[in-house]
Amino acid sequence: MNTEVKLHPSTELLNQFVQGELATGNSVVVAAHMELCTSCCVKAKELQALAVSSWVDPDSALQSDQSGEVDYSDMVAGIVKSAQIKSEAIEALAEVGIDVLNHSIKLPKVLAKAASTGLNWKKVAGGISEAQLFLDNETVCEFIYMAPGCQVPVHTHLGSESTLVLDGSFEDELGEYKVSDFIIRDAQHNHQPRSKEGCLCFAVLDSPLQFTEGLARLMNPINRYKFKKATSRVA
Amino acid sequence: MYRNYAKQDVFGNGVELTVRLVSMNTSTTSLDAEDSVVSDESLLIAVGNSQDINAFNQLFERFAKKIFALGMKLTRNEQLANDLIQEAMLNVWQKAPLYDLDKGSAKGWIFTLSRNRCFDMLRKQKRQPNCISADDIWPLESGAEPSLVHDDIAGQEVELSLIESYFDQLSEPQRAVVEQIYIKDRTHEEAAAYLQIPLGTLKSRLRLGVAKLRNLIGVD
């Protein structure tokens, strides 16, 4: 556990996470951060306890709009015929590592599971590679690898982007980010990430990047196309 | 038949719970339906330890509407919210023996199951890939290593008296569980029923207790 994490999900985001309100991609990136961050685990536990007490509070705003009494006896009768589970099946989770530079990075369990079907790396631009994971229809999720010394073109986001640093570090105009840091960037930020030592991240985008400078702008329609394609794969 | 109520810290977590001591080996251990003071935890333990249908019915009455409300909030779909009652309560029934008192309230446990089933239901409905499920995102902090539990506590060279001397260093709940299994030679189910704790709690205490003994003895 890394206890010197500088950047964390906001309380609001953690609260949405424990309440099950986030899209899968966002849930996965928050869960992956929590595997690396004790303080967020503690905080999420407290938030969940609050969520549970408001859930069971008879005066809570969260009330059933179900009118009248429903007879559930058939449902109960069906359920109690099922066998009970006496011990938790321990699923042997394949360890998924990602080889970058001269070492292998062990992924947080939730990411290892999500990536267990295999990663398809593509070189994008000067020293950057990405491997997309298809988790839901609302986000684009990808591992991003920045080779040492490389730089992403200046861009902003139409929606928000949550990035979790898994190895190495990168910096932009606003600071330097290390392993376990959870960074949120949205339309207000026009930024240009670069990495001296190389960096592996997992990023979840709510909508595509918008490049704002030079020739990279030519990629904007392509980025949008990519996003559309990625989010409509199953639908 | 039940004998009496006892206020005691049987769970060893510092919380005094009103529990009813239910004698074993009878088919009439159902908790009284009219009794509104029976805690959610006691009901859940009765469901897990003795498949108590009456206790399950009471849990159903207490939680069905709350699960429906949670389903409405997350899915905004009445049909799905109704399906969630079925999915979540089925899960409560199936997993009741795994409930671990040391890791939180019955309400919190049922909330977790309901939220997770809702999440999976929605993913299925939106036809999203099943490479990931709610239990990967919100893992039950089980950390179970069942193979450890039935191993011999130590090699032959270790004196039994030595183990006994270490016994006192276990917490009271852990000692009670280790005693039931290794000294009285009861099965997990019997011991859980005797101690009035969920099977899941018994297993986790046994695991921790045995690990501590091993550590003290210096095996591993």
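What share of the contacts in chain A with a separation of 6 or more comes from residues 24 or more positions apart? The share is 65%, where two residues are in contact if their C-beta atoms, placed from the backbone, lie within 7 Å. The model is predicted, so local features need pLDDT of at least 70 and side-chain atom pairs count only at pLDDT 80 or more, while totals for chains, interfaces and linings use all residues. Residues are numbered from 1 along each chain as its sequence is written, and chains are lettered from A and ligands numbered from 1 in the order in which they are written.

Chain A has six helices and 14 strands; here helices (H or I, at least four residues) and strands (E, at least two) are DSSP runs, numbered from the N terminus. Of its 235 residues, 33% count as buried. A residue is buried if 20 or more other C-beta atoms lie within 10 Å of its own, exposed if 12 or fewer, and partly exposed in between, with C-beta atoms placed from the backbone.

Of the 220 residues of chain B, 41% count as buried. Residues 24 or more positions apart account for 58% of the contacts in chain B with a separation of 6 or more.

Where the two chains meet, 38 residues of chain A and 42 residues of chain B take part in the contact. On the chain A side, the elements that give two or more residues are α2 (24-36), α3 (38-56), α4 (73-79) and α5 (109-114). Among these, α3(A) gives the most, with five residues. By class, the chain A side divides into 19 nonpolar, 13 polar and six charged residues; Ala, Val, Leu, Ile, Met, Phe, Trp, Tyr, Cys and Pro count as nonpolar, Asp, Glu, Lys and Arg as charged, and the others, Gly among them, as polar.

Within chain B there are two domains, domain 1 (2-137) and domain 2 (146-217), with bounds that come from an automatic or database domain assignment. Their contact takes 17 residues from domain 1 and 15 residues from domain 2. On the domain 1 side, β2 (17-22) and α1 (40-50) each supply at least two residues, and the largest share, five residues, comes from α1(B). That side of domain 1 divides into 11 nonpolar, four polar and two charged residues.

Helix packing can also be followed in chain B. Helix α2 (residues 53-75) and helix α4 (residues 106-125) of chain B pack at an angle of about 40°, with their axes 10 Å apart. Axes are lines fitted to C-alpha atoms, for helices over the stretch in contact, and angles run from 0 to 180 degrees between N-to-C directions. The helices α2(B) and α4(B) are therefore oblique to each other, given that angles under 35 degrees count as roughly parallel, over 145 as roughly antiparallel, 65 to 115 as roughly perpendicular and the rest as oblique. From α2(B), the contact is made by B:F63, B:I67, B:L70, B:G71, B:L74 and B:T75, and from α4(B) by B:I110, B:S114, B:R115, B:C118 and B:L122. This contact has seven nonpolar, three polar and one charged residues.

Finally, B:N130 lies in the loop between α4 and α5 (134-137) of chain B. B:N130 is exposed, because 9 other C-beta atoms lie within 10 Å.
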